[in-house]
Amino acid sequence: MISIKSDREIELLKIAGNIVYQTHQYLKPYIKEGITTLELDRLAEDFIRSKGATPSCKGYHGFPATLCTSINDEVVHGIPSKRMLINGDIITLDICACYKGYHGDSAWTYKVGEVSNEVSDLMKETEEALYAGLSVIKPGARVGDISHAVEEVANKYKLGIVRELCGHGVGHNLHEEPNIPNFGRAGYGPLLKEGMVFAVEPMLNLGSQDVCMLDDGWTIVTYDGKPSAHFEHTVLVTKDGYQILTGE
Ligand code: MF3
Ligand code: CO
């Protein structure tokens, strides 16, 4: 069952989403050569708590931090550490916050200084895939329409689509039904209805689609070592379309 949110739940989801958005804006100027991912994590946790929210990831299935910090070939769930960012890196900050029991979830890939043209294109194209996926959302559309729209953009640019990880419903739980794969058939899958809330999150690789997990039990990396980008918004299905909850 995909839950339809009440007006009160939608209010709280909007606040949670906005806190996640503000956290991204707050962290952006700190994403520079020389900062460690652990320092970014501390800043994020303090900021989220200062807004009356809690970091959803911390303690989630034992995850040890507020942020997932995934650098270059790391796709998702990188653990903040003493690793320093260097010029030419890309880093995905995946931020989740919980406000009065309701979650917001948004990931964004950032440049550290100057990055190569091919990596810059990977970022642009993955962001394009996110907005293509969102653009089809309205009551009466299906999850497969989102999946297909993301897949078309990934295929256009010949990027590897990570298949093991999906978008998802968001609400009282960080991960709810349905799964939203980043590939699929238009016209298939669960029906979208007004009041549903989803996280859409393409993870696209410059090389092959294959990924594996590091020994830390969390970090997913590309198998071929090529970079990966990740863009995610939490959105509400409205009467005639959608509203981004983790944006401006
Ligand atoms: N936004 C991440 C996801 O949807 C949240 C991960 S929380 C973690 O997978 F604890 F698993 F890291
Ligand atoms: Co997510």
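Where is H61 found?

Mentor: H61 is found in the loop between β1 and β2. Strands here are DSSP E runs of at least two residues, numbered from the N terminus. This is a predicted model: local features need pLDDT of at least 70, side-chain atom pairs need 80 or more, and totals for chains, interfaces and linings use all residues. Residues are numbered from 1 along each chain as written, chains are lettered from A and ligands numbered from 1 in written order, and side-chain values use heavy atoms, without hydrogens or water.

H61 has a positive phi, near 50°, and is not a glycine. Most residues other than glycine have a negative phi.

F63 lies in the loop between β1 (54–55) and β2 (67–71) too. The structure holds 4 aromatic pairs (Phe, Tyr or six-membered Trp ring centres within 6.5 Å). One of them joins F63 and W218, edge-to-face (planes over 60 degrees apart), at 5.0 Å centre to centre and 85° between the planes. W218 sits in the loop between β11 (211–213) and β12 (220–222), so the pair links parts of the chain 155 residues apart.

Now the ligand. Around ligand 1 are 13 residues (a heavy atom within 4 Å). C57, H77, D94, D105 and H175 come nearest. This shell divides into 6 nonpolar, 3 polar and 4 charged residues. Charged means Asp, Glu, Lys and Arg; nonpolar means Ala, Val, Leu, Ile, Met, Phe, Trp, Tyr, Cys and Pro; the others, Gly among them, are polar.

Polar contacts are N or O pairs within 3.5 Å. A polar side-chain atom of H77 lies 3.0 Å from a ligand 1 oxygen. For D105, the distance is 3.0 Å to a ligand 1 nitrogen. For H168, the distance is 3.3 Å to a ligand 1 oxygen. The protein covers 94% of the 330 Å² of accessible area (Shrake-Rupley, 1.4 Å probe) that ligand 1 has on its own.

Notes:
Polar contact = N/O pair within 3.5 Å; in protein donor to acceptor, adjacent residues only side chain to side chain. Phe/Tyr/Trp six-rings, centres within 6.5 Å; stacked < 30°, edge-to-face > 60°. Helix = DSSP H or I, 4+ residues; strand = E, 2+ residues; numbered from the N terminus.
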